[in-house]
Amino acid sequence: MDNGGNSLTSGADGSKRRVCYFYEPEVGNYYYGQGHPMKPHRIRMTHSLLVHYGLLQSMHVLKPNPARDKDLCRFHSDDYISFLKRVTPDAQQDVARQLKRFNVGEDCPVFDGLYNFCQTYAGGSIGGAVKLNHGHCDIAVNWAGGLHHAKKCEASGFCYVNDIVLAILELLKTHERVLYVDIDIHHGDGVEEAFYLTDRVMTVSFHKFGDYFPGTGDIRDIGFSKGKYYAVNVPLDDGIDDESYQSMFKPIVSKVMEVFRPGAVVLQCGADSLSGDRLGCFNLTVKGHAECVRFMRSFNVPLLLVGGGGYTIRNVARCWCYETGVALGVELADKMPRHEYIEYFGPEYTLHVSPSNMENKNTQDLLDAIRAKLLDNLSKLQHAPSVQFQERPPDTELPEEDEDDADKDETRDLESDVNVVSERAKQEFVGYKAKDKNDKAVVEPANVVDSPMIEAPSLKVYHARSRDVVSTFAETETLKACTLAEETTTVATDAPQQEISKKPDDQPEEMDQD
């Protein structure tokens, strides 16, 4: 793909879209710690570019309401969320066993304001789903979200709560089927695992596979039970370039859209698949990466864009700024406007950078074989599985405030937010137990007041091939059927505000380490 090409097309696909953009000015202050590759500061850099390119005037800019405990527990376990809420850097020694249990420590450190950070980025993704459900926008954007590795009961891969799963559960209130597409270099394991047994959510992940974190995402991992063939994994090797990537992305996604016909799409735009990423090994340009956004946009289906990985932060900001322009149907000038972080982008001071000359280890024969196998799997699906609707539960009300002065990163007074009292939806659903201790299949009806959700199967089930699943399935937790009876949520947060750890001098070390 020509690095100087245009990711937008003329005609209907180049038309404008109503875009809601979620941004919390304080998100850039959270700090994982010295030397840690994950830097929320990249979100602030992205926002600064959006401001100076003049894109905020074309979007509905919203400050996300922090996700409450109840919101997070629609997927995560109560004890895990309770732990995240109370753990602090000073109290780590007192909870050593729980740190190990919940996989919090090195990759996922405890830092000041950790729980508030989780509430912020999850609130943006849930809020985006609500806006899409209400028809208030065509595309919702939350670059702080996309933390796709988090599991029901543990942190993983720099991710603490899985905002994507929470957003999909919200979308399922309105839409029969939701598609999740992941272009992060790492496999979207947390999202796939959460929906591995359902046909209402299809997960499609394009990722580096082999001796690489998290080690999952084999082409043979296709889902199980009702979810068989609804997990699509595209394993790729080092050095894949724009042309090779699109030769996989477009045919596979086109087939998925044809057979699955989703009511909404979530696209995780992890920028660690870009050329030159500190932790990545792909060779995509910003325009090649953004071509995936443009292609998903062309289907005119409600679209939620979230962030994800990305550890050369100047390129992350470049990428997500440009992709915001793609969402809006605006082509941005390559020459960057002057802004407070301009020194990060020298000596070119441009939005786009050239790919490297690294070897593309993805041979044409290998790509052809992978594509043929996955298209064959997709052809085995019944077109657009139906879902029986009964009584539609009330929508979640999450009124967000507009960003009155988008050019200034000012903190708002959260106490001025309007609290919305919502009714709890009560609906019968059927919960499926895996198997009892006597290895007998059990199907139980249940009357549930609390919000039903899909509970993730154990890792033994998740990683098992289809012939092995039956023997391990007895070890799973109770699997609740995904229905539309989701509990409505309110705006106010239950958690006390924690002090945010801010790196002095706006974290200048990031320039050196990039």
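Predicted model: local features only at pLDDT ≥ 70, side-chain atom pairs only at ≥ 80, totals over all residues.
User: Let's start with the cysteines. How far is the sulfur of Cys 319 from the closest cysteine sulfur, and which residue holds that one?

Analyst: The general idea with disulfides is to check the sulfur-to-sulfur distance, and a pair has to come within 2.5 Å to count. Here the closest cysteine sulfur to that of Cys 319 sits in Cys 269, 7.2 Å away, which is too far for a bond. The structure as a whole holds zero disulfides.

User: Is Cys 319 buried or exposed? And what about Cys 281, buried or exposed?

Analyst: Cys 319 has 0% relative accessibility, so it counts as buried. Cys 281 comes out at 15%, and that also counts as buried, because the cut-off is under 20%.

User: Okay, strands next. How should I read the side chains along one?

Analyst: In a regular strand, side chains alternate between the two faces of the sheet. Take strand E5, residues 201–208. Val 201, Thr 203, Ser 205 and His 207 point one way, while Met 202, Val 204, Phe 206 and Lys 208 point the other way.

User: How many of the residues of E5 are buried?

Analyst: Eight of its eight, so to speak a strand that is mostly covered. That takes in Lys 208 on one side and His 207 on the other.

User: Which strands does E5 pair with, and in what sense?

Analyst: E4, residues 178–182, pairs with E5 in the parallel sense over five bridges. Strand E6, residues 231–236, also pairs with E5 in the parallel sense, over six bridges. To find your place in the viewer, look for Tyr 180 opposite Thr 203 in E5, then for His 207 opposite Pro 235 in E6.

User: What unit do E4, helix H7 and E5 make?

Analyst: A β-α-β unit, and a right-handed one, with H7 covering residues 189–194.

User: Now aromatics. What do I look at in a pair of rings?

Analyst: Two things: the distance of the centres and the angle of the planes. The structure holds 19 aromatic pairs. In one of them, Tyr 32 and Phe 117, the ring centres are 6.0 Å apart and the planes meet at 85 degrees, so the pair is edge-to-face. Tyr 32 lies in the loop between strand E1 and helix H1, and Phe 117 lies in helix H5, so the pair ties together parts 85 residues apart in sequence. Tyr 32 counts as buried at 5% relative accessibility, and Phe 117 counts as buried at 5% too.

User: What kind of aromatic pair do Tyr 341 and Tyr 344 form?

Analyst: Edge-to-face, with 5.9 Å centre to centre and 80 degrees between the planes. Both Tyr 341 and Tyr 344 are buried.

Key. Residues numbered from 1 in each chain as written. Heavy atoms only, no water. Buried < 20%, exposed > 50% of the residue type's maximum accessible area, 1.4 Å probe, protein only. Helix = DSSP H or I, 4+ residues; strand = E, 2+ residues; numbered from the N terminus. Pairing = 2+ DSSP bridges. Right-handed = clockwise from strand over helix to strand, strands pointing away. Phe/Tyr/Trp six-rings, centres within 6.5 Å; stacked < 30°, edge-to-face > 60°.
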